[in-house]
Amino acid sequence: MAKPTSADLVSAQGACSRSEFQAQRAKLESSLRDAGRAALQNAEVSAGERRTAEMTLERDIEHRLQRLILRAKGMVSEEMLVQHRREIPVDEIPDYAVTHLLVELGEKELRSGADQ
């Protein structure tokens, strides 16, 4: 019998489709953008500073999403090592395999941003 690949092991953990991942990522991106814009609306800054902050917000959102995906993949990799005694490099874990964790981590990120 063939040895299962890392993708097989990860998929067995919680199979999610690529389209579901894309939908959840888009939803999280939208939520992060809305939260950032709300914070900008409440801030007392000049029009020039606001424009700069809006451009920075767009870059920040993409970095935050990538950081959350990487953190989720790290969690899956660690879980696989503990449960299956098999190390799976983070770069071999498909994005869609961390959909459930992305949602969870994104919600935490949004709550922590609201608390600040």
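The axes of α2 and α3 come within 10 Å of each other and cross at roughly 145°. Axes here are lines fitted to C-alpha atoms, for helices over the stretch in contact, and the angles run from 0 to 180 degrees between N-to-C directions. α2 passes α3 in a right-handed crossing. For handedness, a crossing is left-handed if the near helix is turned anticlockwise from the far one by less than a right angle, and right-handed if clockwise.

Before going on, a word on the model. This is a predicted model, in which local features need pLDDT of at least 70 and side-chain atom pairs count only at pLDDT 80 or more, while totals for chains, interfaces and linings use all residues. Residues are numbered from 1 along each chain as its sequence is written, and side-chain values use heavy atoms, with hydrogens and water left out.

Now the overall layout. The protein has four helices and zero strands, and along the sequence the pattern reads α-α-α-α. Helices (H or I, at least four residues) and strands (E, at least two) are DSSP runs, numbered from the N terminus. Of the 116 residues, 29% count as buried. Buried means under 20% relative accessible area, exposed over 50%, and partly exposed in between, with a 1.4 Å probe and protein chains only. Among contacts with a separation of 6 or more, 76% are between residues 24 or more positions apart; contact means heavy atoms within 4.5 Å.

Back to α3. How far apart are the end C-alpha atoms of α3? They are 55 Å apart, which agrees with the 56 Å that its 38 residues should span at 1.5 Å a residue. The expected span is 1.5 Å times one less than the number of residues.

Several residues of α3 are buried, including Leu57, Ile61, Arg64, Leu65, Leu68, Ile69, Ala72 and Val76. An α-helix has 3.6 residues a turn, so residues three or four places apart point the same way.

Take two of these. Ile61 lies in helix α3 and counts as buried because its relative accessibility is 1%. Leaving aside residues up to four places away in sequence, Ile61 touches Glu29, Leu32 and Arg33. The C-alpha atoms of Ile61 and Glu29 are separated by 6.8 Å, although the two residues are 32 apart along the chain. Arg64 is also in α3. Is Arg64 buried or exposed? Arg64 counts as buried, because its relative accessibility is 16%. With the sequence neighbours up to four places away left out, Arg64 touches Leu32 and Glu109.

The α2 side of the meeting with α3 includes Phe21, Leu28, Glu29, Leu32 and Leu40, and the α3 side includes Ala53, Leu57, Ile61, Arg64 and Leu68.

Next, the core. The largest nonpolar core has 20 residues, and those with the most contacts inside it are Leu28, Val76, Ile93, Val98 and Leu102. The elements giving two or more residues to this core are α2 (18-42), α3 and α4, and the largest share, eight residues, comes from α3. A nonpolar core is a set of buried Ala, Val, Leu, Ile, Met, Phe, Trp, Tyr and Cys residues joined through side-chain atoms within 4.5 Å.

Last, the end of α3. Which residue just after α3 takes a positive phi? Arg85 does, at about 50°, although Arg85 is not a glycine. Arg85 sits in the loop between α3 (47-84) and α4 (99-115). Arg85 counts as exposed because its relative accessible area is 76%.
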